[in-house]
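Subject: Structure handover

Hello,

Here is the structure for you to look through.

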Amino acid sequence: MVRVPPMPRVTGRPAAVAVTSALFAVALAALWGLSPGPAGGGEPPLGATAPVTRFTPLDEEDGYLAEGEGVSPFAEGLPLLERMDPELLEAVRAAAAEAREDGVDVVVTSGWRSERYQRFLLDAAVTVYGSEEEAARWVASAESSSHVSGDAVDIGRTDAADWMGRFGDAHGLCRTYANEMWHFELAAGPGGACPAPRADASAG
């Protein structure tokens with residue numbers, strides 16, 4: 001579950017979130033001394049196999065998307081979609097097809113994430129918010145993240161997240177945190193009542 005990056009990817013965000021986005025970008029650039037994406041590291045020598053470490057740039061195999069990007073839920077060959085729970089992905093695709101009929105284009109800004117990616121996001125959140133306690137309201141640990149387990153999806157842009165919040169329950173998709181309009185999980189049966197959102201990620 002991402003508590004910082006998804007919102008900066010949506011449009012029409014409040015000014016306070018725009019500031020958070022800028023701070024987060026600075027944190028990403030400073031953390032670990034590298035860029036989070038493929039441009040952050042060089043190629044290994046020809047014939048060498050570079051081990052994956054915390055200093056290896058994040059890429060598609062981590063479920064990484066560059067800041068501001070989103071992908072169609074119908075895209076294929078992307079780990080961030082293919083490593084999500086199959087039932088969750090099916091529900092997102094069904095809801096996206098329905099949203100399209102209402103003129104709303106649903107994109108996925110984050111789905112499955114590697115543990116390494118989740119740890120990177122948590123480190124960035126601590127840098128932005130100044131404490132582990134405050135960061136925990138926005139970014140779960142790799143051990144507890146529903147993104148790492150493949151059980152969560154972040155929806156963009158603002159109109160799509162709003163649509164999903166109002167109609168996603170028809171497909172069992174529920175907004176699980178009150179402070180994250182973009183984060184959805186399968187928390188009810190199709191057409192069932194979604195449980196009340198928890199305050200934030202630190203609520204468990």
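How many disulfides does the structure hold? It holds one, where a disulfide is a pair of cysteine sulfur atoms within 2.5 Å.

Before the details, some ground rules. This is a predicted model, in which local features need pLDDT of at least 70 and side-chain atom pairs count only at pLDDT 80 or more, while totals for chains, interfaces and linings use all residues. Residues are numbered from 1 along each chain as its sequence is written, and side-chain values use heavy atoms, with hydrogens and water left out.

Overall layout

The protein has six helices and four strands. Helices (H or I, at least four residues) and strands (E, at least two) are DSSP runs, numbered from the N terminus. Read from the N terminus on, the order of the elements is α-α-α-β-α-α-β-α-β-β. The protein has 204 residues, and 45% of them count as buried. Buried means under 20% relative accessible area, exposed means over 50%, and partly exposed is in between (1.4 Å probe, protein chains only). A contact means heavy atoms within 4.5 Å. Among contacts between residues at least 6 apart in sequence, 61% join residues at least 24 apart.

The disulfide

The disulfide joins Cys174 to Cys194, with an S to S distance of 2.0 Å. The angle about the S-S bond is -80°, and the link is left-handed. Cys174 lies in strand S3 (residues 173-175) and Cys194 in the segment after strand S4 (183-186), so the pair ties together parts that are 20 residues apart in sequence. Are the two cysteines buried or exposed? Cys174 is buried, at 1% relative accessible area, whereas Cys194 is partly exposed, at 31%.

Two serines around strand S1

Ser110 is in strand S1 and is buried, with 3% relative accessibility. Its side chain makes a polar contact of 2.8 Å with the side chain of Arg113. A polar contact is a pair of N or O atoms within 3.5 Å; within protein, one must be able to donate a hydrogen and the other to accept it, and residues adjacent in sequence count only if both atoms are side-chain atoms.

Ser114 sits in the loop between strand S1 (107-110) and helix H4 (115-129). This serine is also buried, because its relative accessibility is 10%. Which side chain does the side chain of Ser114 meet in a polar contact? The partner is Asp62, at 2.7 Å. The side chain of Ser114 also reaches the backbone nitrogen of Tyr117, at 3.1 Å. Not counting residues up to four places away in sequence, Ser114 touches Asp62 and Val148.

Pairs that are apart in sequence

Gln118 is buried, at 0% relative accessibility. Gln118 and Val148 are 30 residues apart along the chain, and 7.2 Å separates their C-alpha atoms.

Glu143 lies in the loop between helix H5 (132-135) and strand S2 (153-156). With 64% relative accessibility, Glu143 is exposed.

Gly77 is in the loop between helix H1 (15-30) and helix H2 (79-82), and is partly exposed at 42% relative accessibility. Leaving aside neighbours within four places in sequence, Gly77 is in contact with Glu60 and Glu82. Gly77 and Glu60 are 17 residues apart in sequence, with 10.0 Å from C-alpha to C-alpha.

A cis peptide bond

Gly156 and Arg157 are joined by a cis peptide bond, with omega about 0°. Arg157 is in the loop between S2 and helix H6 (158-167).

The cavity

Rolling a probe the size of a water molecule over the atoms shows where empty space is left. On a 1 Å grid over the protein atoms alone, a cavity is a set of points where a 1.4 Å probe fits but cannot get out, and lining residues have an atom within 4 Å of a point. Grid points are joined across faces, edges and corners, and a volume is the space filled by probe spheres set on the points. By this rule there is one cavity of 30 Å³ or more, and the largest cavity holds about 30 Å³ of space. Its lining consists of Pro73, Phe74, Ala96, Arg100, Val104, Asp105 and Val106. These residues divide into five nonpolar, no polar and two charged. Here Ala, Val, Leu, Ile, Met, Phe, Trp, Tyr, Cys and Pro count as nonpolar, Asp, Glu, Lys and Arg as charged, and the others, Gly among them, as polar.

Regards

Key:
1 Å grid on protein atoms, 1.4 Å probe; cavity = no way out; pocket = protein on both sides within 12 Å on 5 of 7 lines; lining within 4 Å.
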